[in-house]
Amino acid sequence: MKKTILTGLRPTGNLHLGHFFGAGQNYIKLQDDYQFYLEIADVQALTDNFNNPEKVRKNVKEITADLLAIGLNPEKVNFFIQSQIPEIAELTVFYSNLVTVSRLQRNPTVKAEIAQKKELFGEKGESITYGFLGYPVSQAADITAFDGELVPVGDDQLPLLEQCREIVRKFNAIYGVTLKEPTPYLSKTTRIKGLDGNEKMGKSLGNAIYLIDEEETVTKKIMGAVTDPEKIKKDDPANPEKCMVYYYHNLVNSEENCRLVCEECKKGARGCVACKKELITHMNEFLKPIQERRKKYEENPELIEEILKKGTEKAKEKARMQMKKVKEAMKIDY
Ligand code: TRP
Ligand code: SF4
């Protein structure tokens with residue numbers, strides 16, 4: 001039997017290069033060999049967007065289209081919508097007994113996010129909601145509702161996986177061995193730097209290239225990318241390691257070309273404007289097949305609806321079976 005993969009994405013915006021080179025490539029690689037459940041985590045998205053339901057709703061379809069566009073095959077991957085699986089909410093309630101509030105408060109990912117969301121949760125996190133603090137519990141429910149064994153994620157998700165494993169161990173110790181401990185599956189490149197040189201590419205940082213970005217947008221963004229600040233004149237020698245343009249050449253250009261960029265840059269034989277233009281060409285070439293695949297879904301939105309409907313039906317079946325086991329173990333199988 002194929003092993004089960006479960007992973008999720010919050011529908012809060014379109015996918016960018018960071019998503020693609022982070023988890024996306026792994027999804028593509030893994031889809032052939034595993035039973036793959038891909039959750040569009042709208043309930044989780046609502047934990048910090050509860051005041052913006054329209055945004056979450058819109059992005060359920062957007063993100064599904066993006067995922068199909070990068071080459072996920074809906075015959076192999078079950079796309080499903082978290083809110084449509086009541087078992088996940090039920091499990092969240094059951095697991096909430098198995099985790100302390102202080103453990104949640106210490107979760108590094110949760111802590112970092114609270115600090116980023118001052119507007120919503122207060123300067124010192126004093127307005128944190130029960131729901132947001134508890135989202136790692138809900139994520140443990142996501143994973144275990146599907147008996148997820150392997151979870152492809154970026155490294156920022158490791159504390160959430162660890163929290164899930166703790167819940168599983170505690171559940172099994174108290175109620176008898178019922179749940180599987182999931183293993184995270186990290187990508188080679190777990191994090192892509194932003195155009196501004198920031199360690200992370202992100203929407204809130206305004207330093208991302210989106211998979212749906214049109215040529216004009218790509219041009220504008222790359223023209224504004226951070227280069228070696230010591231290079232002032234066109235023929236100044238520079239250090240490509242300090243340049244985001246070189247960094248992105250490495251993602252979308254051939255090895256041979258990258259070597260040339262590096263050599264010429266170091267010698268002062270390459271101007272930054274020409275170097276950026278070359279990157280723009282390669283970036284657009286990279287994005288083109290993704291955008292072409294996406295077009296099919298944009299023109300036929302009912303295809304996306306159908307894929308989500310079918311995947312959600314399958315997910316429901318699986319979660320129902322798992323729930324039966326859990327309720328038996330907890331002695332609430334009336
Ligand atoms: N927390 C993940 C994120 O921020 C999304 C997610 C929801 C997830 N449920 C999951 C990831 C289950 C892995 C497994 O992107
Ligand atoms: Fe960066 Fe290219 Fe300029 Fe060198 S020549 S600093 S690699 S943009």
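Student: Is Cys265 buried or exposed?

Tutor: The model is predicted, with local features needing pLDDT of at least 70 and side-chain atom pairs pLDDT 80 or more, while totals for chains, interfaces and linings use all residues. Residues are numbered from 1 along each chain as its sequence is written, chains are lettered from A and ligands numbered from 1 in the order in which they are written, and side-chain values use heavy atoms, without hydrogens and water. Buried means under 20% relative accessible area, exposed over 50%, partly exposed in between (1.4 Å probe, protein chains only). Cys265 has a relative accessible area of 11%, so Cys265 is buried.

Student: How many disulfides are there?

Tutor: A disulfide is a covalent bond between the sulfur atoms of two cysteines. Here a disulfide is counted as a pair of cysteine sulfur atoms within 2.5 Å. By this rule the count is zero.

Student: Which residues does Pro184 contact, leaving aside its neighbours within four places in sequence?

Tutor: Pro184 is partly exposed, at 28% relative accessible area. Contact means heavy atoms within 4.5 Å. With those neighbours left aside, the partners of Pro184 are Val151, Val153, Leu158 and Leu161.
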